[in-house]
Amino acid sequence: MITNKVKILAVEDDRSIAKLLHTYLEREGYAVSDSDTVAAMRRTVESTQVDLVLLDVGLPDEDGWSALKWLRARSDVPIIMLTGKNETIDKVIGLELGADDYLSKPFEFRELLARIRTILRRTEKAAIQVEAPADEKISFAGWVLDPTSQLVKSDDGDLLHLTQAEYRILALLVRNPGRVIVRDDLMSAAAGRDWDPMDRSIDVHVSNLRKKLDLDPDLPSLIRTVRGAGYMFVPKRN
Ligand code: CA
């Protein structure tokens, strides 16, 4: 476990950038594999374990967004999108598709490294938190979640009336901002059992949570649906 290197897949068709990424990330202790097309990325993902993907938006065979969708339909692997300076991106759409972060080219490698470390730390933490919830209070969008009392209050002290299942689902989502939480994980958090494909109750819980939390109808929902995967908590920025 200790000697296992984190495996990063760099999907980039610009050879000079790909080479720099490879050299730099290996020097930082990561195992790096490269793909210069989406087709090559698919082959790599299907044949080897990948812990994080750096994904260029402008690729020769398909664009990075369709590659992102393809990846997300298969796995929760953290993905950082690399965007060219002339590529306009819609961050909300990207987040809904399941990207974990963005970086515009040209970027500083130090910045890339910082993003990679943050995402890997978050992913690792989340995996642990599913089993052992931390007990610190978490503030978000005018609410405070208190794991000790299992209560959610507004900043003004008003209590939000949640069922046990709603509370557990919310706690899991809020602890993992910007990360897709699959239905299985939400279901086991809520009820301690595996999710049955016939069971729609996770969607009902989320729908109730949205109604209770999203009191401002003009704002996008705090809890986004990630089609075919699950849900993601996207904190509002004030
Ligand atoms: Ca490119």
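# Notebook: one chain, looked up piece by piece

**Overall fold.** I began with contacts, meaning heavy atoms within 4.5 Å. Of the chain's contacts between residues at least 6 apart in sequence, 56% join residues at least 24 apart. I kept in mind that this is a predicted model, where local features need pLDDT of at least 70, side-chain atom pairs count only at pLDDT 80 or more, and totals for chains, interfaces and linings use all residues. Residues are numbered from 1 along each chain as its sequence is written, and side-chain values use heavy atoms, with hydrogens and water left out.

Next I looked up the secondary structure and found eight helices and 12 strands. Both are DSSP runs numbered from the N terminus: helices are H or I with at least four residues, strands are E with at least two. The chain has 238 residues, and 45% of them are buried. Buried means under 20% relative accessible area, exposed means over 50%, and partly exposed is in between (1.4 Å probe, protein chains only).

**Confidence.** I checked pLDDT, the predictor's confidence in each residue, from 0 to 100. The chain averages 83, and 83% of the residues score at least 70. Over residues 128-132 the pLDDT is below 50, and this stretch has four contacts in the model beyond near neighbours in sequence.

**The calcium ion.** Which protein atoms are the donors of the calcium ion? I found Asp 13 (OD), Asp 56 (OD) and Gly 58 (O), at 2.2 to 2.3 Å from the ion. Donors are N, O and S atoms within 2.8 Å of the metal (3.2 Å for Na, K and Ca); water is not among the atoms, so sites may look incomplete. Along the sequence, the donor residues are spaced D-x42-D-x1-G. Asp 56 is buried at 2% relative accessible area, while Gly 58 is partly exposed at 31%.

I then visited Asp 146, in strand E7 (residues 143-146). Asp 146 is buried, with 16% relative accessibility. Setting aside neighbours within four places in sequence, Asp 146 touches Lys 137, Leu 151 and Tyr 167. Its C-alpha atom is 7.3 Å from that of Asp 135, 11 residues away along the chain.

Ser 154 sits in strand E8 (residues 151-154) and is buried too, at 13% relative accessibility. With the neighbours within four places left out, Ser 154 is in contact with Gly 142 and Trp 143.

Where did I find a cis peptide bond? The bond runs from Lys 105 to Pro 106, with omega near -5°. Pro 106 is in the loop between strand E5 (101-104) and helix H5 (109-129).

Ala 141 has a positive phi, near 45°. Ala 141 lies in the loop between strand E6 (138-140) and E7, and is partly exposed at 29% relative accessible area. Gln 150 also has a positive phi, near 55°. Gln 150 belongs to the loop between E7 and E8, and is partly exposed at 36% relative accessibility.
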